[in-house]
Amino acid sequence: NFDLASFKRANSGMIATNSDAYKKWNRGVGKLKDYSLQEVEKIINSGSLLEQQKLSRNYFYKDGFYKRLIIHYATLLKYAGILIPNPSFGKDLSTSHIQKKYFNAVDFVDRINLPIILTNCAQRALVDGCYYGVIQEVNKNELVILDLPSNWCCTRFKDALGNDIIEFDLSYFNTIFDENERRDVLSVYPQVISSAYRKWMKGKSTSNWIFIPSDIGICFPFFDSRPILLPTIPATIRYDESVGIEQKRDLEEIKKIIVQKIPHLNDGRLLFEPDEAAEMHAGAVGMLRENENISVLTTYADVDSIVSKTSSESANNGLDRMLQNVYNEAGTSSQIFASTGSSTLETSLDNDTAMMMILANKFSLFITNLVNRLFANSNISFKYTILPITYYNDDKYVDSAFKLAGSGYSFLLPSIAMGISQKELGNVKDLENNVLKLGEKLIPLVSSYTQAGEGGRPTKEQQEKAPKTIQNETSKDNQTGGASN
């Protein structure tokens, strides 16, 4: 009984979720499947794209390792960017009407909250291999996006601006059997899609596939549009199986059998009669009744037991290797999630950043085209660039940007790396200088004091250190119980 139309009108400025959220009959993630290792390997090696997407979504909601890897990559970048205005030849950015275009464009970029939108796009692109979306509404004040169901979309072509074009299967709406719900869902989709569906249902169109116009379609394929981290799933399955085997071994180690051997006399006669031995057995069982890990055996014969059990240290080493293999398959370092040293962590994070920047460059192209469509004219155009700033390298990026600023380069880059947008930087400085007068109240210490520092050579970056130095530092970290970052 949810009035979707009223909800949409009341919240026209929000970012819409996947259309599945509007279906009363499918609001959960559904039942998760337990795939065998053979099934998983077959799907990865020769399965269809739909099978691979289903497998990826299943393990994203089920498996802790797979989900954690996806979230690590999706949230690695801060999605901080800079909007660069490019006045046409002979035009000056300081001209008031050109400046107005720039400030309006900066306001738009700040208003739509790109980190939230792009994190969602990255997460879905990693899970499904490609992000598919459609613009419901866009103007100079807002951007409303609807996620499309990826298993009903594909992309094979690009437009002249380099945007990937979405092909959408209209038979998706036939999976919604309730007519009222289908009508509500169609009202959420752009008119070009809902109209095409109605024409197809009336027989006025022969194909159930349509090209979504590139001015409203949003498509971010990750390489070949297949889930890129799918090969890590077999490694997680093998690790889970190894953990189960080790738990059984531990239970075997805990369980004990107490053997009561009834002695014989020298001439071979029994010391105790069978009924007496039975009473002794019952007494021992009664005394140990509360301990479920101990069994009692009473016998006249000698009993021996041989247990096939590897040492705990050997088993744990095997589990450690299996766990490391999960991250090796993903191409990332286990040190990110449980750090014990710093030898390869920085290099691994640099590789992860390089991989995610491939997707970020596609985000930059989309935002550039969107801003130009809304604000560019014959006097000015724009370019938006997402910077390679992560939650791990932001301090290093700020230091490098400050050094460049000292040589006359951009003053915006350090502030953007610190999380202050290019619009906010000017407002913060006006607040400090013109309103709070902090430049007059907060006087720096004298230069002779500030220039005095500790002697010695500056600390080298991790990648500049010799292998022996890194080995010694890692050994020291392990001995002290933690890594120095």
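User: In helix 3, which residues are buried?

Analyst: This is a predicted model, in which local features need pLDDT of at least 70, side-chain atom pairs count only at pLDDT 80 or more, and totals for chains, interfaces and linings use all residues. Residues are numbered from 1 along each chain as its sequence is written, and side-chain values use heavy atoms, with hydrogens and water left out. Helices (H or I, at least four residues) and strands (E, at least two) are DSSP runs numbered from the N terminus, and buried means under 20% relative accessible area, with exposed over 50% and partly exposed in between (1.4 Å probe, protein chains only). The buried residues of helix 3 are Gln-52, Gln-53, Leu-55, Ser-56, Asn-58, Tyr-59 and Phe-60.

User: What distance does helix 3 reach from its first C-alpha to its last?

Analyst: Helix 3 covers residues 49-62, which amounts to 14 residues. The expected span is 1.5 Å times one less than the number of residues. For helix 3 the expectation is 20 Å, and the computed reach is close to it, at 20 Å.

User: How many residues of strand 3 are buried?

Analyst: In a regular strand the side chains alternate between the two faces of the sheet. In strand 3, Leu-143, Ile-145 and Asp-147 on one side and Val-144 and Leu-146 on the other are all buried. Strand 3 (residues 143-147) is therefore largely enclosed by the rest of the structure, the buried count being five of the five.

User: In strand 3, which residue is the bridge partner of Val-134?

Analyst: Two strands pair if DSSP finds at least two bridges between them. Strand 2 (residues 130-138) runs antiparallel to strand 3, joined by five bridges, and a hairpin connects the two through four residues. The partner of Val-134 in strand 3 is Leu-146.

User: How many disulfides does the structure hold?

Analyst: A disulfide is a pair of cysteine sulfur atoms within 2.5 Å. Cys-153 is in none, as the nearest cysteine sulfur, that of Cys-154, is 7.8 Å away. Cys-153 is also buried, with a relative accessible area of 6%. The number of disulfides in the structure is zero.
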